[in-house]
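Visitor: I would like a close look at a single part of this structure, taken slowly and in some detail.

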Amino acid sequence: MAYDPTAPSQEEQSHAYVLPWIGLAANGVLLADYTIGFGQGVDTASLAITGAMIFVTVFAHRYDDYFNGLRNVALRWGMAVIALYLFAGAVMGFLNGGNILGYWAAAGDLPDLARGNPGFMADGYLLAILSGLAYHLGFAVRRIRGTGSA
Amino acid sequence: MKNRLKVLRAERDWSQAELAGRLDVSRQAVNAIETGKHDPSLGLAFKISRVFDMPIETIFLEEED
């Protein structure tokens with residue numbers, strides 16, 4: 001095989017496996033900060049670390065076979081959360097539509113439309129935290145349980 | 001999929017790190033393959049076959065249901 005001077009060393013490849021754990025910790029802090037509220041400093045630091053860890057692990061293409069297998073699983077988990085979030089929005093939309101139709105049929109006028117939309121469905125920041133957390137959890141769980149034929 | 005990687009490595013008295021170095025992967029990858037947590041890609045399977053100088057089908061064994 002041709003010599004590649006920019007290829008990552010074995011040690012560099014081993015260090016890459018630490019990154020998702022750091023990302024998971026930072027992502028957990030981010031979720032706790034979202035629910036409890038630690039303050040601006042914690043918020044900014046965990047945002048930076050989480051974003052950096054996702055970026056590095058998703059876009060670096062020179063990791064080894066096993067890392068790529070873990071990343072595939074992690075990406076599936078992250079995207080699954082986005083899909084569930086969108087699907088939940090659709091279900092709520094249908095339910096809301098049914099309620100509006102029922103109200104209109106019974107009362108003859110339209111209800112307050114803003115009441116039917118739960119606020120969290122429009123919260124992109126929460127979605128980003130949850131999908132990031134699912135990505136890191138997917139990585140961690142598969143690291144423990146194995147990727148199988150990824 | 002089962003494999004004989006651990007046995008073959010032991011026969012040559014190689015550590016996981018040494019085999020990882022020969023395969024250009026991390027030690028974690030070798031460990032995951034040995035413990036059955038990860039099935040390698042076709043490219044890596046060929047590389048393993050070259051390192052041990054053995055056909056792939058004698059290293060990796062299909063599990064029967």
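Visitor: At what angle do helix H2 and helix H3 of chain B pack, and how far apart are their axes?

Guide: The model is a predicted one, and the description that follows should be read with this in mind. Two packed helices are described by the angle between their axes and the distance between the axes. In chain B, helix H2, which covers residues 16-23, packs against helix H3, which covers residues 27-34, at an angle of about 105°, and their axes are 8 Å apart. Because angles of 65 to 115 degrees count as roughly perpendicular, H2(B) is roughly perpendicular to H3(B). On the side of H2(B), the residues that make the contact are Gln16(B), Ala17(B), Leu19(B), Ala20(B) and Leu23(B), while H3(B) contributes Arg27(B), Val30(B), Asn31(B) and Glu34(B). Sorted by class, this contact of H2(B) with H3(B) has 5 nonpolar, 2 polar and 2 charged residues.

Glu34(B), one of the residues that H3(B) brings to the contact, also forms a salt bridge with Arg9(B), in which the closest N and O atoms are 2.4 Å apart. Since Arg9(B) lies in helix H1 (residues 5-11) of chain B and Glu34(B) in helix H3 of chain B, the pair ties together parts that are 25 residues apart in sequence. A search of the whole structure finds 3 salt bridges over all chains, whereas across the interface of chain A and chain B the rule finds 0 salt bridges. Across that interface there are, however, 7 residue pairs in polar contact, both residues being at pLDDT 80 or more. The area buried between chain A and chain B is about 1300 Å², of which carbon and sulfur atoms give 48%.

Key: Residues are numbered from 1 along each chain as its sequence is written. Chains are lettered from A and ligands numbered from 1 in the order in which they are written. This is a predicted model: local features need pLDDT of at least 70, side-chain atom pairs count only at pLDDT 80 or more; totals for chains, interfaces and linings use all residues. Side-chain values use heavy atoms; hydrogens and water are left out. Axes are lines fitted to C-alpha atoms, for helices over the stretch in contact, and angles run from 0 to 180 degrees between N-to-C directions. Helices (H or I, at least four residues) and strands (E, at least two) are DSSP runs, numbered from the N terminus. Angles under 35 degrees count as roughly parallel, over 145 as roughly antiparallel, 65 to 115 as roughly perpendicular and the rest as oblique. Contact means heavy atoms within 4.5 Å. Ala, Val, Leu, Ile, Met, Phe, Trp, Tyr, Cys and Pro count as nonpolar, Asp, Glu, Lys and Arg as charged, and the others, Gly among them, as polar. Buried area is the accessible area (1.4 Å probe) that two parts lose on being put together, summed over both. A salt bridge is a side-chain nitrogen of Lys or Arg within 4 Å of a carboxyl oxygen of Asp or Glu. A polar contact is a pair of N or O atoms within 3.5 Å; within protein, one must be able to donate a hydrogen and the other to accept it, and residues adjacent in sequence count only if both atoms are side-chain atoms.
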